Amino acid sequence: FSLPVRRSLLPFGLWCMLRALRALATMAETSTQNIPLRPISWAQLQEHVESGQVQRLGRVQAALDEYRMWREEQLQTFATISDCVAHRVFAHPLVRDADTGKLRVDSPQTHLSTETERAEHHARVAAPPLGRRIVFRPNDFPYSLEAGIAHDVLWCETGSLTTDEIRAHVEHHCSGRETLWFVNPPALQSVRGLFHVHIFSRSRE
């Protein structure tokens with residue numbers, strides 16, 4: 001999927017400076033991730049998840065560089081990464097922002113200017129509508145894990161999920177497999193506008 005990107009009407013020098021600042025912000029955000037020297041074992045994964053030290057999970061440098069490049073490319077087209085993911089995962093329709101020329105999800109949240117405001121809006125949704133979609137799919141940029149460990153993501157279209165709801169979806173999608181899961185704390189979330197759960201599974205030994 002691609003659409004032409006309209007460059008802002010800002011002076012070229014200022015446009016370049018803003019783009020560089022955005023790239024630095026992306027690097028600062030992703031720099032909170034640990035960079036493992038070797039693939040993480042199931043025992044290590046279990047220790048980090050159960051202790052709440054999920055910041056110790058991460059991608060090897062090459063994968064992290066690929067992820068950063070992908071983010072930068074998407075932010076040339078989409079207003080936020082949340083807009084990108086909402087469109088790709090849930091096929092939400094898009095509108096083009098009149099000021100920036102970038103694409104936003106066409107929803108009641110479109111008027112919210114920042115991804116933080118959108119996340120706060122999601123948190124205030126007390127009763128998500130019936131029929132909301134929940135999507136289980138492989139993580140496009142999985143953490144560095146030993147062979148045999150799957151890293152999937154459970155995406156929630158609106159609002160959030162209770163612990164019991166998450167467990168039900170994990171049991172449904174990973175039936176017969178050993179599982180671990182967690183929700184990243186806000187400081188570690190790279191897609192703040194959509195509630196999502198990291199799920200890890202492997203065949204039972």
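1. Arg59 lies over the face of Tyr67, at 4.6 Å from the ring centre. The rule behind this asks that NZ of Lys or CZ of Arg be within 6 Å of the ring centre and within 35 degrees of the ring normal.

2. On the basis of the work: this is a predicted model, in which local features need pLDDT of at least 70 and side-chain atom pairs count only at pLDDT 80 or more, while totals for chains, interfaces and linings use all residues. Residues are numbered from 1 along each chain as its sequence is written, and side-chain values use heavy atoms, with hydrogens and water left out.

3. Tyr67 also belongs to one aromatic cluster with Trp70 and Phe141. Rings of Phe, Tyr and Trp (its six-membered ring) pair if their centres lie within 6.5 Å; planes under 30 degrees apart count as stacked, over 60 as edge-to-face and the rest as tilted. The count by this rule is 5 aromatic pairs.

4. Tyr143 and Phe200 form a stacked pair, with 6.1 Å centre to centre and 25 degrees between the planes. Tyr143 lies in the loop between strand 3 and strand 4 and Phe200 in strand 6, so the pair ties together parts that are 57 residues apart in sequence. Helices (H or I, at least four residues) and strands (E, at least two) are DSSP runs, numbered from the N terminus.

5. Buried means under 20% relative accessible area, exposed over 50%, partly exposed in between (1.4 Å probe, protein chains only).

6. Ile199 is also found in strand 6 and, at 0% relative accessibility, counts as buried. Its contacts (heavy atoms within 4.5 Å) include Phe136, Leu154, Val170 and Trp181, leaving aside residues up to four places away in sequence. The C-alpha atoms of Ile199 and Trp181 are 4.3 Å apart, across 18 residues of chain.

7. The second largest pocket is lined by 26 residues, and Arg59, Asn139, Trp155, Ser190 and Val191 lie nearest its centre.

Definitions and conventions:
1 Å grid on protein atoms, 1.4 Å probe; cavity = no way out; pocket = protein on both sides within 12 Å on 5 of 7 lines; lining within 4 Å.
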